[in-house]
Structure formats: structure tokens, C-alpha cells
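Me: Hi! I have a model open here and would like to talk it through with you. Could you help me read it?

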Amino acid sequence: MMKMETDKIMEDTTTTNISSSPQFTTSILYDPARKKEPSQSFQTERDACLSYFAKWNEADQVDFVEQLLSRMCHYQHGHINAYLKPMLQRDFITLLPTKGLDHVAENILSYLDAKSLCRAERVCKEWSRVISEGMLWKKLIERNVRTDSLWRGLAERKGWIKYLFIPRPGVTHRPHKFYRELFPKIMKDIEAIETNWRTGHHNLQRINCRSENSKGVYCLQYDDDKIVSGLRDNTIKIWDRNSLQCCKILTGHTGSVLCLQYDDKVIISGSSDSTVRVWDVNTGDMVNTLIHHCEAVLHLRFNNGMMVTCSKDRSIAVWDMTSPTEIALRRVLVGHRAAVNVVDFDEKYIVSASGDRTIKVWNTSTCEFVRTLNGHKRGIACLQYRDRLVVSGSSDNSIRLWDIECGTCLRILEGHEELVRCIRFDSKRIVSGAYDGKIKVWDLQAALDIRAQTNTLCLKTLVEHTGRVFRLQFDEFQIVSSSHDDTILIWDFLNCSQKEETTTPQTLVQVGRSPSREYSSSSAAGGRAQPQQETDDDDAY
């Protein structure tokens, strides 16, 4: 039986006939501790070999060393490896500046994440100097701000964005120490925000719309400066984010404003008066009216010169937008058997949902029908579509997650007690609002994991509205929601120091919870839920 090289160390090296035999000399392990003074003949032969070695080119030298290594035993290889290690572990970060290449060292270290950068600055004084003079903590923060919307929003809200990138006139860069101390503070803020989302800890601001006749806020959209809302009293009201006061009222619709969207140029709204109206976002002037649908316009979306509207008349209209005054009908999509309650689209698909319990997918370029998503037991009131994921809410009180490419239902979320009227999602969470007056926050990543338990998916239920929740939007820091109770609520998860509710200056009276209403469900075909005491077709899906 053959023996491994490591077994040779167990040989009895005291056996005279073995140790003295020349044919076994290469098998005895090399032990540097037993190294003796080299003989004269060895030194002569070694010097001759080194002389030849020095005359060869690099390729020949490498070939010679390979041949030499192949004739060594395993233990000798280990000794050679230990000898080479410190020679191979060169501190390039320290060596580069000595060659006038500080910028190269800085560039290499700039790719490190926070944990690695923290360790790197503790390696030695030279590494710490390179990191400090290269302002690498500042560059790391800037990289996160460029690539992560949470970091970007936090930079803007906390004010430290002015110390990043190219400073504004009159603002100078802070020293390296400022950014080194800023980074852990940012991480602490991010952790606090995530904790607030999970626990539901928030600061609440309330806007009382004080509608004179019909009460209810059907739709909204917001940015850092304003909230634009569509009301049941036929108006569009614009609210200042700082004062929470109404700064502009747009009139022109003769029915409830059921849907709207705006950008930096226009506000486009749809109404139960069957029209779509276009308004100048700065002046509030109405610049165009589109008359096509024969019943209420329930939802609309526009982007990149294209708009899609849907209606109670069961149709979907696709429009080409050249300018605010030049909007032409491209195609009408027909296929739903009940009111089309919501649409969404990107460059690949148009997605629509209806009271007929189905979600239909259409090709954006050709407007041709692609597939139907079946699964909801009653009419569908809301959805959002992004990438491959569609999330829908229904009058069967459930939320479903779909893969749009194969039409598969990935997960069913249950928890709402009545019709799920509005839903939004981002990369982390789903937020839903329902006719039960509740807003629920769900863990999206867990919902997409088939191993996750169903009872762990709902992170928090928020209860403040005293009526049906009609519409909501959210970002990393807040939820803005509107309701049949004629209020807009701002749920702030960033600034939670104040525990008392902040109310718009229009009223000093705390709004109490209204008496509960009894709701009854209508036929599954239409997927509608009607209040017994107060009926309004505009808010029934």
C-alpha cells in the first residue's frame, strides 16, 4: 500500500540502512530546525546554479523553478509557501503614494462599503491618511444618495445634502471628520425609520377639507411642496405642505373628481361627469377638455406622451399626448364585462382591472390583448403594476400578488374586513386602504417568499380615518391618505417626536370617530359594495 507524504513523518528515521541509503534521501522531510551549516561543495554548486539562473530570461527562470518544485516533497512545499507569503502580501495602499499615485489608492478604497472602510482606516496610519485626505466617507455618502431614494430623501429632509457634491455658492465642504461622524447618524436615522414603519409609530397631521355639500376626497397626489386632491364636491383643491392650508381651488367639473395625476406642467383629472380635463399646474387654468367616455371616468395614468383612461362604460381609451392642448385618441380597448376601475402601464404592458373580477393585460405598443389574470372572487377596485409584479385589491376583501408574464397568483393577503379600495407598493412594502377605514402595511419581500408564514406578512394596521379610505400614496418617510370622512391624513414616520396630532389651522376641534355604518355587498359580477345609509355610485367598486 502506498503511503501519503504526511505519513513519512512517522517513519523511523533512526534506521541506519535507510538513512544512509542515497535513494531515500529525498523522502526524508525537510526540517529547518535541523538545518546545518552548508558544506563547501554545496556552496560552490549553489553559487554555480545561481550564476546560471541569473543569465536566463524570465520564462526560463520560471520553468526551472517549476521543475525544482515538482521534485520537492509536501513538507518542503509548505516551507516554501511560508517563505513566499510575506513577499506576496504587499501593502499597495502604502506603496502607491510613495510613487506619487495617491489618487489610485483613493480610487481603490472608494469601492469599499461602510463596514470595510471602517476596518481599512484602522489598518495603519498611512491607510487612515489616504481615507481622510481622499474624503472617502463623503464619497460613500454621495454614492448612497445617488443610488438610494431613502438616502436622497433623508439628505433633503435633514439638510445635509448641501454639504455633498458640488456645494452651492457660499457653502463650503466640511472636513473629513464631519462626514465620518455623519455616517453613523444617518444609519441611526434609517434604522429609526424602519422601526417606526414596523411598529406604526408616527406623527399625524390632518387636513380637514371642509366641503360644503358632498363630503369625501376621492384622489390625491403629493410632492414636497403641495398636495393635489380631487373631491366629491366637484373641485380640485391644492394644499400647501407647510401650512396645510388650501392655496388654490380648480373648478370646472360638474361631477365628483374621481382620479387625477400631475407632473411639472399639467394636472389631468377624470370625473363622474364623463370628461377628462387638463389644467395648467402653475396657474390652475383649464386648458383642455376631452369628451369620449359616456360614463364616469374612474381612473387615468399618463407618462412619456401617452395617457390611458378607463370608465364605468367598460372601455379603456389610449391617448397620444403631443402637448396639453393636443391630445388625440389612439385606440379604444374593449373586453371587460363591467366597469373598468383602474389602469396602469409601462412601455411593455397596459394592465386594467374591472368589476368583472378579472385583470386584463394589453400590449402597450400594439394595444393588442395579451392575457387575463383570474383569481379574485369579486370585483377588483385597485392595482399597481411595476416590472413583473401586479398587486391588486378587491371587494372580496383580499389582496393578490401576480406575476404578469405567466399570469400566476404568487400570494393572497387577507386581513381587511371590507373592500380593498387603494393599494401601492415599493421595493420593501405594500400599503393598502379599505372601506373598513383601515390602512395596512405589508412586508412585500416576505410576501414574495413562499416560505413566509401568512400571519407574519401584515406589519401594522393604522386606524385614524372615520370613513372609507379612498386613496393613498406613500414614500420612504410617509403615507398620505384620503377618505370619505372628508380628510387628508399625513402619517409621518420620520419626525415622530411629537405624539400629539397636528391639526390644520382651519379648525381647533378634534375630529371624532363617526358612528359606524352597516355595509352590504352587491352582486359579485359588478364587485360593488354599497353603504346602506348613504349610497354613492362614485365610490362603489
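Me: Let's start with E405: is this residue buried, partly exposed or exposed?
Reply: E405 is partly exposed, with a relative accessible area of 24%. Here buried means under 20% relative accessible area, exposed means over 50%, and partly exposed is in between (1.4 Å probe, protein chains only). Keep in mind that this is a predicted model: local features need pLDDT of at least 70, side-chain atom pairs count only at pLDDT 80 or more, and totals for chains, interfaces and linings use all residues. Residues are numbered from 1 along each chain as its sequence is written, and side-chain values use heavy atoms, with hydrogens and water left out.

Me: Thanks! Which residue forms a salt bridge with E405?
Reply: That is K348, and the closest N and O atoms are 2.9 Å apart. A salt bridge is a side-chain nitrogen of Lys or Arg within 4 Å of a carboxyl oxygen of Asp or Glu. E405 lies in the loop between β20 (398–403) and β21 (408–414), and K348 in the loop between β14 (340–345) and β15 (349–354), so the pair ties together parts that are 57 residues apart in sequence. Helices (H or I, at least four residues) and strands (E, at least two) are DSSP runs, numbered from the N terminus. K348 is partly exposed too, at 41% relative accessible area.

Me: How many salt bridges does the count come to?
Reply: The count comes to 21 salt bridges. One of them joins R180 and E121, with the closest N and O atoms 2.7 Å apart. This pair links distant parts of the chain: R180 sits in helix α11 (residues 176–199), and E121 in the loop between α7 (114–120) and α8 (125–133), 59 residues away.

Me: Is E121 buried or exposed, and why?
Reply: E121 counts as buried because its relative accessibility is 18%.

Me: What does R330 pair with?
Reply: R330 forms a salt bridge with D320, and the closest N and O atoms are 2.8 Å apart. R330 lies in strand β13 (residues 326–334) and D320 in strand β12 (residues 315–323), so the two tie together parts 10 residues apart in sequence.

Me: Which sheet are those strands in?
Reply: They belong to an open sheet of 4 strands in the order β10-β11-β12-β13, with antiparallel pairing. Two strands pair if DSSP finds at least two bridges between them. The edge strands are β10 (297–303) and β13, each pairing on one side only. Further in, β11 (residues 306–311) and β12 pair over 5 bridges, and V308 has V318 in β12 as its bridge partner.
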